[in-house]
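Some labels in a structure description rest on cut-offs.

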Amino acid sequence: METYNQRSISTNQSSRRQESFKDTALGLVSTLSFPAIVGTADMMLKSAGVHLVGYEKIGSGHCTAIVRGGIADVRLAVESGVQTAEQFGQLVSSLVIPRPFPNLDVVLPITNRLSQFMEEGQQSRLSNQAIGLVETRGFPAMVGACDAMLKSADVQLASYEKIGAGLCTAIIRGSVANVAVAVEAGMYEAERIGELNAVMVIPRPLDELEHTLPIASCWIEERQPLKLPVNIREQVAEREVLVLPDLVKLPVKLTEEVWNDE
């Protein structure tokens, strides 16, 4: 009976999700750089009423931003994303699928995060700060760029991302002015050490964009136990303790005397 109830609940949830996605479209824009795909996704979110499902990284620097929403909104968002990616010179391809078949939704990673977003709603993990991204080819160049950015302005290193082909992206957070100064310093240091591939500054990121970016564990806010002052004096009552004799030290005749008494 319990198994039947669980199956019925899961069936109802899947049917509700299919109804929610019934009249929606799927939009994909692919670039050759992680900063470019983040900037493209930011423009897609701000140009139409779509939801950012996430990114798909398949290696060799190929990154794809996946959005979901109404058919008209997705078409407009993909068009804006293509224009943005072309401005960066990083566009690979784009696609719009109206009313994708349910089997496509189940297999591909294009609905899990959207389902959670619709059920839980938007909650930003970080304060609304600007985002700076510096992508290099080679890890030493990225580390040097991170050091230069942290020393040049009041910014925090949030995380870094690897997308293959030797491309590494440092992600910093801070005010718009500090992020702009830091990114400029990181660019010069990356070019001095190795190869600079792409940079991006996003002044006012939306909450959905923040949720899709990688984040270091030190930035995750964990609930701390509440510490209250407690002035309780423990009163230890004196209790009589019954001390049992050591059986090893007992005389052997004790057993005989007890037996005789009985």
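What follows is a set of questions and answers on cysteines, a sheet and helix contacts.

Q: What kind of model is this, and how are its residues numbered?
A: This is a predicted model, in which local features need pLDDT of at least 70, side-chain atom pairs count only at pLDDT 80 or more, and totals for chains, interfaces and linings use all residues. Residues are numbered from 1 along each chain as its sequence is written, and side-chain values use heavy atoms, with hydrogens and water left out.

Q: What makes Cys168 count as buried or exposed?
A: Buried means under 20% relative accessible area, exposed over 50%, and partly exposed in between (1.4 Å probe, protein chains only). Cys168 has 7% relative accessibility, so it counts as buried. Cys146, at 8%, counts as buried too.

Q: In which order do the four strands of the open sheet stand?
A: The order is 2-3-1-4, with antiparallel pairing. Strands (E, at least two residues) and helices (H or I, at least four) are DSSP runs, numbered from the N terminus.

Q: Why are strand 2 and strand 4 said to stand at the edges?
A: Strand 2 (50–59) and strand 4 (91–98) each have a single partner strand, so one side of each has no neighbour in the sheet. Two strands pair if DSSP finds at least two bridges between them.

Q: How many bridges join strand 1 and strand 4?
A: Strand 1 (residues 24–31) pairs with strand 4 over seven bridges, in the antiparallel sense. Leu28 stands opposite Leu95 in strand 4.

Q: At what angle do helix 6 and helix 7 pack?
A: Helix 6 (residues 139–152) and helix 7 (residues 176–193) pack at about 145°, with axes 8 Å apart. Axes are lines fitted to C-alpha atoms, for helices over the stretch in contact (heavy atoms within 4.5 Å). Angles run from 0 to 180 degrees between N-to-C directions.

Q: Which residues of helix 6 and helix 7 make the contact?
A: Among them are Gly144 and Ala148 of helix 6 and Ala182 and Gly186 of helix 7.
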